[in-house]
Amino acid sequence: MTAMDDYKRNLNKIILTYRPRNILELGVEAGISTEVFLSHSEIKVTSIDIMDCPAAKGKVLALKANDRWKFLIGDVADLVPKFQLHSFDMVFMDITYYDATGGMGSKGNYEHEFKCLSRDLKRCFNLLPTRGVLVANDYIRQVGERAGHRAAINDFAIELGQPFTVFPSRGGMAVFIK
Ligand SMILES: C[S@@+](CC[C@H](N)C(=O)[O-])C[C@H]1O[C@@H](n2cnc3c(N)ncnc32)[C@H](O)[C@@H]1O
């Protein structure tokens, strides 16, 4: 099994365990996760990315799932606060947090990652109803490459006073239940 197959298997496991119906996805890129979500015919997805994501659009078209997918181009910092409380029962966070330092996003920019993800973990968790599911990717990515994500997730758990589960594939998905 490839690492990507393992990732998709774990993402499906999360879906089958918590049975979300309305997912907010932050960070789309090639649409690997979008495709997993939309392969479940009962699921609707709202996705945000700061860039256009033509490969993801192609995958959604191939699935004939356009009527269950809303794609918004913009910065999560601006768009997440605009959603109504309880609009989603799961939020999936997989953002590289681009900044002025360059096209590869914030890889290795600890302070920037930490600040942005800490902000969005709180905002996204607040959006969820009781028993809603928050999934934050990149908890265990290579040292130096998402260390800010890991620290933000750890601090968030401490602040909540609540444990989380980690699915250790791809970047490592940290799962919180509200
Ligand atoms: C790791 S990729 C997402 C991968 C995708 N979830 C998947 O499973 O294939 C991260 C994405 O975050 C997006 N991104 C970076 N900073 C952002 C921001 N401030 N607001 C919205 N999207 C952002 C990038 O454009 C990139 O497509």
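Seven strands form an open sheet with mixed pairing, in the order S3-S2-S1-S4-S5-S7-S6. Strands here are DSSP runs of E with at least two residues, helices are runs of H or I with at least four, and both are numbered from the N terminus. Two strands pair if DSSP finds at least two bridges between them. Strand S3 (69–73) and strand S6 (165–167) each have a single partner strand, so one side of each is left without a neighbour in the sheet.

The model is predicted: local features need pLDDT of at least 70, side-chain atom pairs count only at pLDDT 80 or more, and totals for chains, interfaces and linings use all residues. Residues are numbered from 1 along each chain as its sequence is written.

Strand S4 (residues 90–93) and strand S5 (residues 133–136) run parallel and are joined by four bridges. Phe92 has Val135 in S5 as its bridge partner. The chain has six helices and seven strands in total.

Some values for the whole chain follow.

| Property | Value |
|---|---|
| Box filled by the C-alpha atoms along the principal axes | roughly 40 × 40 × 35 Å |
| Buried residues (20 or more other C-beta atoms, placed from the backbone, within 10 Å of their own) | 41% of 178 residues |

How values were computed
Buried ≥ 20, exposed ≤ 12 C-beta atoms within 10 Å, placed from the backbone.
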